[in-house]
Amino acid sequence: MKFSLFHFVIGSFLVLLCGAVMAAAQDSNSQTADSKTGNPAAATAASAGSTSPSAAANTPKTVTLPGGKKIMDDSDANVDLSATTPSTSGTSAGSGTAQPASAQSGSDQQDPLKRPLSEKQKKENSKKLKQELSSTYKKWLNEDVRWIITPEELTAFKQLSNDEERDQFIEQFWLRRDPTPDTEENEFKEEHYRRIAYANEHFAAGKAGWRTDRGRIYIVFGPPDEIDAHPSGGDYQRPLEEGGGETSTYPFEVWRYRYIEGLGSHSQEVMIEFVDTCMCGDYHMTIDPNEKDALLYVPGAGLTMYEQMGLSQKSQRIAGIGSNANPLAGLTNTQQFDRLEQWAALQQAPKVKFKDLEEVVSHKISVNLMPFDIRTDYVKVTGDTVLTPVTVSVKNKDITFINKDGIERGTVNIFGRVSTMTGKVVQTFEDTVQVDVPNELLAKTQEKQSMYWKALPLRPGRYRFDVVVKDVNGDRVGTWSHGVVVPEYNEDKLASSSLILADHLEKVPAKSVGAGSFVIGQTKLAYPHIEPANGQPASFRRDQAMNLWMQVYNLQPDDKTKKPSAKFDYEIVNLADNKPVLHASESTDTMGNVGDQVTLEKRLALNTFQPGQYRLTVRVDDNVSKQQIAPSVRFAVE
């Protein structure tokens with residue numbers, strides 16, 4: 001003990017001696033630096049100026065304790081470096097004042113918010129912005145339809161770029177599932193939200209009922225045909241297919257569905273088991289019949305019949321998909337795979353029943369689209385009915401032809417639906433366009449286009465048009481969805497129909513008035529020219545004539561003559577230089593006996609027109625009501 005104490009005292013003395021020597025050396029160095037400048041204050045300032053703020057902030061301070069002892073205080077050593085700015089020199093040694101770090105480096109440091117972004121960062125930001133959803137759409141996507149939206153629909157929804165497109169998508173999402181699209185009610189949507197409310201009321205367990213496994217199955221497949229419920233668990237006599245014998249179980253339920261559509265070979269007699277292993281009301285779906293066994297891991301307890309007979313061991317039961325420890329009645333490998341397949345099928349969103357409408361969504365993200373052009377026109381029939389012709393144009397080169405007995409045949413199926421903005425379907429049409437041409441004329445035919453016409457009587461208002469065109473032989477599908485406003489023709493307001501440009505205008509026999517394709521009244525428009533989807537105007541060749549068709553409505557009669565008085569000016573302007581190319585006029589005085597409605601039909605040869613783009617304007621002046629309209633249309637000459 002004495003020897004140890006002696007060494008301890010000597011060691012302590014040496015430590016104190018070393019500390020004193022170091023302190024003396026530090027004081028000596030400080031005094032030497034001050035004596036060189038002759039100004040201790042200036043020397044101190046210069047020393048501070050030559051050290052960066054971050055370095056000064058991280059230098060431990062020397063604190064002198066009572067009695068002359070000095071220690072190193074590093075309480076301020078760990079500072080936020082982001083709050084400091086590096087500096088090469090704070091002040092000159094002769095100034096004696098330290099400049100703020102921010103003032104020194106303000107011109108050198110760049111604002112991080114103004115730092116230019118790389119192309120990769122710009123693309124990432126654009127992608128994030130495109131996929132950013134408001135809370136309303138997130139709730140709809142992650143809660144309302146989480147269990148029923150298909151992967152294709154989810155992908156299409158995430159590619160939408162604005163709220164208008166998302167609103168249209170949601171509207172179509174419910175319409176595709178409506179079993180009675182011709183009625184105002186959407187029974188599927190109403191039933192879906194009823195199921196969500198039921199799940200939240202009956203299956204909640206520390207989380208909303210729709211989030212639970214029972215809630216998901218109930219929402220997707222509806223109420224089961226039969227429920228075998230064991231809400232308290234307890235004693236349980238296993239059936240032979242589970243190995244027989246008695247055990248004690250956790251709370252569990254077995255739901256039985258006689259038939260579930262869309263599960264393939266597993267659609268009939270579907271048995272779904274839910275187990276509450278936490279005893280907290282949160283039942284989870286399982287395919288392991290042993291998971292509900294509360295005595296599964298208790299040695300010698302809850303044995304199956306064959307385990308009691310010593311023909312099998314409890315450890316042979318495989319968790320998750322395992323057999324039942326019954327060598328004769330256990331699950332075969334095939335049955336185990338059947339359970340797995342059924343499990344996987346139950347995880348999928350239900351398929352959309354209406355395949356034709358499902359294609360409208362799935363082809364939003366398809367790259368194999370069928371191109372076509374479309375236009376809608378408006379012609380007044382009565383005060384509350386407007387004839388709305390829909391014209392579809394498909395280039396023959398985009399149609400797949402199949403040779404049969406020397407005849408090349410191309411087939412295109414067209415499906416259309418018109419619905420109100422509330423989702424009520426008011427018109428549907430479905431037709432087939434077939435092109436038959438001899439084999440030797442196929443090349444020439446492919447330079448032309450095929451036309452389809454459907455005239456729909458509609459009331460004035462806003463509608464949504466959905467048109468699907470399918471190349472039957474080529475298995476390509478194109479879609480067109482657009483909102484249109486059918487105009488209202490008030491009796492006291494001067495108005496006109498659409499201004500239509502066609503190749504020919506033909507008078508039809510009296511028995512065919514108002515009937516047949518491309519027929520309006522007593523005139524057949526063969527064939528209307530359509531502006532292509534690329535935004536270019538409808539085109540005509542110089543060697544052909546251009547025909548104009550338009551109706552004018554609600555010309556007011558003169559009080560004295562009881563006849564309307566109006567002037568019609570036709571003007572064509574070259575869009576390249578905005579100079580007029582043609583001007584013509586006529587009036588009701590030269591048209592004979594006309595009423596409040598006038599049909600304008602004009603033919604114009606284009607052989608004197610230079611290739612380019614033009615605008616045709618028809619100006620109508622009602623001399624009685626002093627109203628004026630000037631509808632116009634672009635066209636191109638090739």
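The legends below describe close-up views of a predicted model.

**View 1. The disulfide between C278 and C280.** The two sulfur atoms lie 2.0 Å apart. One disulfide is counted in the structure. The torsion about the S-S bond of C278 and C280 is about -60°, so the disulfide is left-handed. Both ends fall between the limits of 20% and 50% that separate buried from exposed: C278 is partly exposed, with a relative accessible area of 41%, and C280 is partly exposed at 46%.

**View 2. The aromatic pair F157 and F169.** The structure holds 20 aromatic pairs. In the pair shown here, the ring centres of F157 and F169 are 5.2 Å apart. Their planes meet at 65°, and planes over 60 degrees apart count as edge-to-face, so this pair is edge-to-face. F157 and F169 are both buried.

**View 3. The pair Y236 and F252, with K292.** The rings of Y236 and F252 have centres 5.3 Å apart and planes at 80°, so this pair too is edge-to-face. Y236 is in strand β4 (residues 234-237), while F252 is in strand β6 (residues 252-259). The two residues are 16 residues apart, and their pairing links distant parts of the chain. Y236 and F252 are buried. Over the ring of F252 sits the charged end of K292, at 5.3 Å from the ring centre.

**View 4. The aromatic cluster that includes F157 and F169.** One cluster is formed by W140, F157, F169, F173, W174, F188 and Y193. R176 lies over the face of F169, 5.6 Å from the centre of the ring. F169 itself is buried.

**View 5. The surroundings of Q610.** Q610 is placed in the loop between strands β26 (598-605) and β27 (612-622). Leaving aside residues up to four places away in sequence, Q610 touches R542 and V637. The C-alpha atoms of Q610 and V637 are 7.1 Å apart in space, although the two residues are separated by 27 residues in sequence.

Definitions and conventions:
Residues are numbered from 1 along each chain as its sequence is written. This is a predicted model: local features need pLDDT of at least 70, side-chain atom pairs count only at pLDDT 80 or more; totals for chains, interfaces and linings use all residues. Side-chain values use heavy atoms; hydrogens and water are left out. A disulfide is a pair of cysteine sulfur atoms within 2.5 Å. Buried means under 20% relative accessible area, exposed over 50%, partly exposed in between (1.4 Å probe, protein chains only). Helices (H or I, at least four residues) and strands (E, at least two) are DSSP runs, numbered from the N terminus. Contact means heavy atoms within 4.5 Å. Rings of Phe, Tyr and Trp (its six-membered ring) pair if their centres lie within 6.5 Å; planes under 30 degrees apart count as stacked, over 60 as edge-to-face and the rest as tilted. A charge sits over a ring if NZ of Lys or CZ of Arg is within 6 Å of the ring centre and within 35 degrees of the ring normal.
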